[in-house]
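These are my notebook entries on one structure. I looked up the domains first, then the sheets, the helices, the cores and a few backbone details.

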Amino acid sequence: MSATAIIRGRAGGEAETGFDAQSIRADFPILLSEVHGKSLVYLDNAATTQKPRQVIDAISGYYLQTNANIHRGVHLLSERATQAYEQARVKVQRLLHAADAREIVFVRGATEGLNLVASAYGRKVLREGDEVLVTAMEHHSNIVPWQLLCEEKGAKLRVIPMSDGGELDLQAYERLLGPRTRIVSFVHVSNALGTVNPARRLVELAHQAGAIAVVDGAQSAPHLTVDVQALDADFFVFSGHKLYGPTGIGVLWGKRALLEAMPPYQGGGDMIRSVTWEKTLFNELPYKFEAGTPDIAGAVGLGAAIDYLDRVGLERAARWESELLGYATLRLREIEGLKVVGTAREKAGVLSFVLEGIHPHDIGTVLDQEGVAIRTGHHCAQPALERLGLVATARASFAFYNTREDVDRLAAGLARVKEVFA
Ligand code: PMP
């Protein structure tokens, strides 16, 4: 029996799972387009997701009806724009199950959130000889800010190792934690391997060692239910554009006491209470960290994306994505010479692979001709791939609007790749 039949037999059709990806696709205009004369199969969701019409309409609606600068105006449009921006903050608070909307800081994305923590918190607490821990599977945006900080402070960046399959070595982590560990910053879901890390446990161990825990949620917030209070992390970041929202907006959540104690990240308008030549008093949270005119339309778009996700149902969507991942893994394993990269027991949304004798870029180029968009390369996680003896993989990544037919098109495209390079 083929993998297709096994998984269909076991998991049933789409109707049986109760998730109707097909009708959801109608909300995403771009998914109806063609590339190279073929209907688009979009499997590059870990890089960025497509946007539903509801998000696109919210952004254009904002510019058509509301646009004004926020917080300082007494006129109606400014009040409306301020309201829309602050409502988006409350939507993010609910998404993350945060205790207080003042703990939600709008930034450009996960990258800026991590840089903010490294600069504002890290600069304040780190001393020479201190240690920062990250995992072997980090995205560059959770490596480089800490490298810069450690270099400046004479501190040491240490790495929690992982297995060949892409699971963290928790015993090694416990051994690495020590009195010099100040910060543990880890990826919740790996964009290169799909591993879902045991975040609650990692945070707990960091706290036991007296360190704070920073969670890179760029790939988790769109696919898992995140409860920052249950997680008990100290900081959590994610990007709007990977959560069906626009580019240019993202979120840093931080525990209020920590945010209160941190110096500002950037200076400028809106982050101040008063300015004189002698002394500037900073604004309260979260404005202390939001210098200058923010991406108001971006926040509105992100709010609309969260509303949309609420209507779809994040948990139902996650179950569907997980089923698709299982189906895709079985289908791809049928292909001779294909090796799945990242075989952790807990995975979400990402299927990285290599094909014997064929460069990942060649795989991606042929698939593109077939209308199938995947990502190839190091996925901004060069040290993770180096650890596995690779320089690049091909990566298919899923969203809830993907279907079994998308996976079948990927498998057929890979058969074509093998023909071309036979
Ligand atoms: N961390 C992870 C795990 C990611 O996948 C990404 C984006 N690929 C980032 C951080 C950075 O996100 P952004 O580029 O949106 O800031």
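**Entry 1: domains.** I began with the separation of the two domains: the centres of domain 1 and domain 2, taken over C-alpha atoms, are 28 Å apart. I noted that 35 residues of domain 1 and 32 residues of domain 2 make the contact, where contact means heavy atoms within 4.5 Å. Domain 1 covers 3–48 + 313–420, and domain 2 covers 56–310; such bounds come from an automatic or database domain assignment.

**Entry 2: basis of the values.** I recorded that this is a predicted model, in which local features need pLDDT of at least 70 and side-chain atom pairs count only at pLDDT 80 or more, while totals for chains, interfaces and linings use all residues. Residues are numbered from 1 along each chain as its sequence is written, and side-chain values use heavy atoms, with hydrogens and water left out.

**Entry 3: the seven-stranded sheet.** I looked up the strand order and found an open sheet of seven strands, β4-β10-β9-β8-β7-β5-β6, with mixed pairing. Helices (H or I, at least four residues) and strands (E, at least two) are DSSP runs numbered from the N terminus, and two strands pair if DSSP finds at least two bridges between them. The edges are β4 (104–107) and β6 (156–160); each has a single partner strand, so one side of each is left without a neighbour in the sheet. From one strand to the next, the twist averages 20°.

Strand β5 (residues 131–135) runs parallel to β6, joined to it by five bridges, and Glu-131 stands opposite Lys-156 in β6. Helix α7 (residues 144–153) lies across β5, β6, β7 (181–187) and β8 (212–216), at about 145° to β6. Axes are lines fitted to C-alpha atoms, for helices over the stretch in contact, and angles run from 0 to 180 degrees between N-to-C directions.

**Entry 4: the four-stranded sheet.** I found an open sheet of four strands with antiparallel pairing, in the order β13-β14-β17-β16. Here β13 (338–341) and β16 (375–377) stand at the edges with a single partner strand each, so one side of each has no neighbour in the sheet. The twist averages 30° from one strand to the next. Strand β14 (residues 350–355) and strand β17 (residues 393–397) run antiparallel and are joined by four bridges; Ser-352 has Arg-395 of β17 as its bridge partner.

Two helices lie across parts of this sheet. Helix α13 (residues 314–333) lies across β13 and β14, at about 10° to β14. Helix α16 lies across β13, β14 and β17, at about 15° to β14.

Entry 5: Which residues of α14 and α16 make the contact? I first noted that helix α14 (residues 360–369) and helix α16 (residues 404–420) pack at an angle of about 120°, with their axes 9 Å apart. The contact is made by Ile-363, Val-366 and Leu-367 of α14, and by Leu-410, Gly-413, Leu-414, Arg-416, Val-417 and Val-420 of α16.

**Entry 6: nonpolar cores.** A nonpolar core is a set of buried Ala, Val, Leu, Ile, Met, Phe, Trp, Tyr and Cys residues joined through side-chain atoms within 4.5 Å. Buried means under 20% relative accessible area, exposed over 50%, and partly exposed in between (1.4 Å probe, protein chains only). In the largest core, of 103 residues, the members that touch the most others are Leu-96, Phe-236, Phe-238, Ile-363, Phe-400 and Leu-414. Helix α12 (residues 296–312) gives the largest share of this core, eleven residues. Domain 1 and domain 2 both give residues to this core, so it lies between them. I also noted a second, separate core of 28 residues, which includes Ala-110, Leu-116, Ala-118 and Leu-149.

Entry 7: Strand β11 (residues 272–275) and strand β12 (residues 280–282) pair in the antiparallel sense over three bridges, and form a hairpin with four residues between them. In the loop between β12 and α12 I found Pro-286; a cis peptide bond joins Leu-285 to Pro-286, with omega about -5°.

Is Asp-270 buried or exposed? Asp-270 lies in the loop between α11 (256–261) and β11 and has a positive phi of about 75° although it is not a glycine. At 12% relative accessibility, Asp-270 counts as buried. His-36, in the loop between β1 (34–35) and β2 (38–39), has a positive phi of about 50° and counts as partly exposed at 44% relative accessibility.
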